Amino acid sequence: MLNVTVLVSGGGTNLQAVLDAVDSGKIQNARVAAVISNNPGAYALERAKKHQIPAYCVSPKAYGTREAFHKALLDTLRDTEADLVVLAGCLVVIPDSIIREYRGRMINIHPSLIPSFCGTGYYGLKVHEEALKRGVKVTGATVHYVDEGTDTGPILLQKAVEVKPGDTPEILQRRVMEEAEWVLLPQAIHMIANGRITE
């Protein structure tokens with residue numbers, strides 16, 4: 001059984017998709033062992049509690065230095081005995097110390113078809129605003145391994161989503177979540193848990 005620890009900063013819709021996929025059997029041989037958020041107000045922590053999953057808040061505001069925060073985050077990850085770390089809307093820049101420890105065992109979901117609209121500053125609605133500004137006809141989501149760059153690690157899965165006339169960033173964000181993110185992330189976890197994917 002693969003122990004999955006999910007890192008999330010906000011509402012946790014991707015976390016919910018993973019929990020639902022575990023409950024329905026779409027994800028086999030894996031369980032969400034813990035949820036960690038940098039944000040004490042993240043609704044994702046409530047989602048974890050409703051599923052009787054240990055939920056931790058490791059907020060940078062609680063530590064005097066960035067180094068102390070990074071150490072606390074790494075210590076918490078170790079405590080959860082994570083086999084796989086999943087970044088699901090996690091707005092913390094993951095330090096090299098954690099990337100080194102979990103290399104090949106940490107994945108991220110990004111709401112575009114990498115290499116488009118990714119890298120530093122591209123998160124949340126900004127990704128969809130830029131896609132619409134550029135006039136692309138197709139966008140989507142990507143699951144990739146995490147390395148020292150921002151959205152630069154090896155790609156596992158991608159799924160395209162049509163951009164429709166009249167789309168606003170909010171409408172497009174919702175469609176990318178429903179049609180791509182909530183499909184790809186559970187699929188990637190299932191594949192890793194069942195040995196169907198290697199970096």
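How are H1 and H6 oriented to each other? The model is predicted, so that local features need pLDDT of at least 70 and side-chain atom pairs count only at pLDDT 80 or more, while totals for chains, interfaces and linings use all residues. Residues are numbered from 1 along each chain as its sequence is written, and side-chain values use heavy atoms, with hydrogens and water left out.

H1 and H6 pack at an angle of about 55°, their axes lying 9 Å apart; axes are lines fitted to C-alpha atoms, for helices over the stretch in contact, and angles run from 0 to 180 degrees between N-to-C directions. The two helices H1 and H6 are therefore oblique to each other, given that angles under 35 degrees count as roughly parallel, over 145 as roughly antiparallel, 65 to 115 as roughly perpendicular and the rest as oblique. Helices (H or I, at least four residues) and strands (E, at least two) are DSSP runs, numbered from the N terminus. On the H1 side, the contact (heavy atoms within 4.5 Å) is made by Thr13, Asn14, Ala17, Val18 and Ala21. H6 contributes Met177, Glu181, Trp182, Leu185, Pro186 and Ile189 to this contact. By class, the contact of H1 with H6 has eight nonpolar, two polar and one charged residues; Ala, Val, Leu, Ile, Met, Phe, Trp, Tyr, Cys and Pro count as nonpolar, Asp, Glu, Lys and Arg as charged, and the others, Gly among them, as polar.

H6 also packs with helix H5 (residues 125-134), at an angle of about 110° and with axes 9 Å apart. H5 and H6 are therefore roughly perpendicular to each other. Leu125, His128, Glu129 and Leu132 of H5 meet Pro169, Glu170, Leu172, Gln173 and Val176 of H6. These residues divide into five nonpolar, two polar and two charged.

The second largest pocket has a volume of about 170 Å³. A pocket is an open set of points on a 1 Å grid over the protein atoms alone, where a 1.4 Å probe fits, with protein on both sides within 12 Å along at least five of seven lines; lining residues have an atom within 4 Å of a point. Grid points are joined across faces, edges and corners, and a volume is the space filled by probe spheres set on the points. H6 gives the largest share of the lining of this second pocket, six residues. Residues lining the second largest pocket include Ala17, Ala21, Trp182 and Pro186.

The largest pocket holds about 870 Å³ of space. Its lining comprises 38 residues, of which Gly89, Cys90, Leu91, Asn108 and Tyr123 lie nearest the centre.
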